[in-house]
Amino acid sequence: MAAILGLSRSPLREIVQIAGDGFRVRVDALRDLLPSTPALQAILNRYAAGLAMQVAQTAACNRLHKIEERLARWLLIAQDRLDSGLVPITHDFLATMLGTDRPSVTVAAGILQTKGLIAYTRGSVRILNRKKLERFACECYALVKQYNS
């Protein structure tokens, strides 16, 4: 995002949340390419705007909503990106992502599991009923999704 916005370096650190494939592009190569590809520039601008909105919404969500609603939201977002019902993630990392502690994640996951929405084992969460999980999640999931579709 820093390169799209005209910065030569990003002050942020990237973290890979879940293993998978990816690639990296040199900033100068991207900058050289963008003037000749307005469609790519438009896509990246839309992505940057959506990401900024998601960051702002997540900050508000972490302050205002219950941990189990936030966990449901995060799991839905992860499943959207993975296209799989199995999310390989630990409670410790979920705690970091949700701005809470591990015991709170364990309690929240227990609530979702008791309701039949997820099943969790050490290092992974399986989404059992996506429709019910969407209804259980706070409104932040639907709000962010409408801007990233």
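How many disulfides does the count come to by the rule of cysteine sulfur atoms within 2.5 Å? The count comes to 0.

Before the details, a word on the model. It is predicted, so local features need pLDDT of at least 70 and side-chain atom pairs count only at pLDDT 80 or more, while totals for chains, interfaces and linings use all residues. Residues are numbered from 1 along each chain as its sequence is written, and side-chain values use heavy atoms, with hydrogens and water left out.

Back to the cysteines. A disulfide is a covalent bond between the sulfur atoms of two cysteines. Take C61. The closest cysteine sulfur to its own is in C138, 3.5 Å away, and that is too far for a bond. C138 is likewise in no disulfide.

Now the overall picture. The protein has 7 helices and 3 strands. These are DSSP runs, numbered from the N terminus: helices are H or I with at least four residues, strands are E with at least two. From the N terminus, the order is α-α-α-β-α-α-β-β-α-α. The C-alpha trace spans about 55 × 25 × 25 Å along its principal axes. Of the 149 residues, 31% count as buried. Look also at contacts, meaning heavy atoms within 4.5 Å. Among those with a separation of 6 or more, 61% join residues 24 or more positions apart.

Next, two helices. Helix 2 covers residues 38–64, and helix 3 covers residues 67–82. Their axes come within 11 Å and cross at roughly 150 degrees. Helix 2 is therefore roughly antiparallel to helix 3. Axes here are lines fitted to C-alpha atoms, for helices over the stretch in contact, and angles run from 0 to 180 degrees between N-to-C directions. Under 35 degrees is roughly parallel, over 145 roughly antiparallel, 65 to 115 roughly perpendicular, and the rest oblique. Which residues make the contact? Helix 2 brings Q54, T58, C61 and N62. Helix 3 brings R70, R73, I77 and R81.

A60 is partly exposed, with a relative accessible area of 32%. A60 and C140 are 80 residues apart in sequence, yet 9.0 Å apart in space, C-alpha to C-alpha.

Last, the sheet. Strands pair if DSSP finds at least two bridges between them. Strand 2 pairs with strand 3, residues 124–127, over 4 bridges in the antiparallel sense. I118 stands opposite I127. Y120 stands opposite V125.

Methods
A disulfide is a pair of cysteine sulfur atoms within 2.5 Å. Buried means under 20% relative accessible area, exposed over 50%, partly exposed in between (1.4 Å probe, protein chains only).
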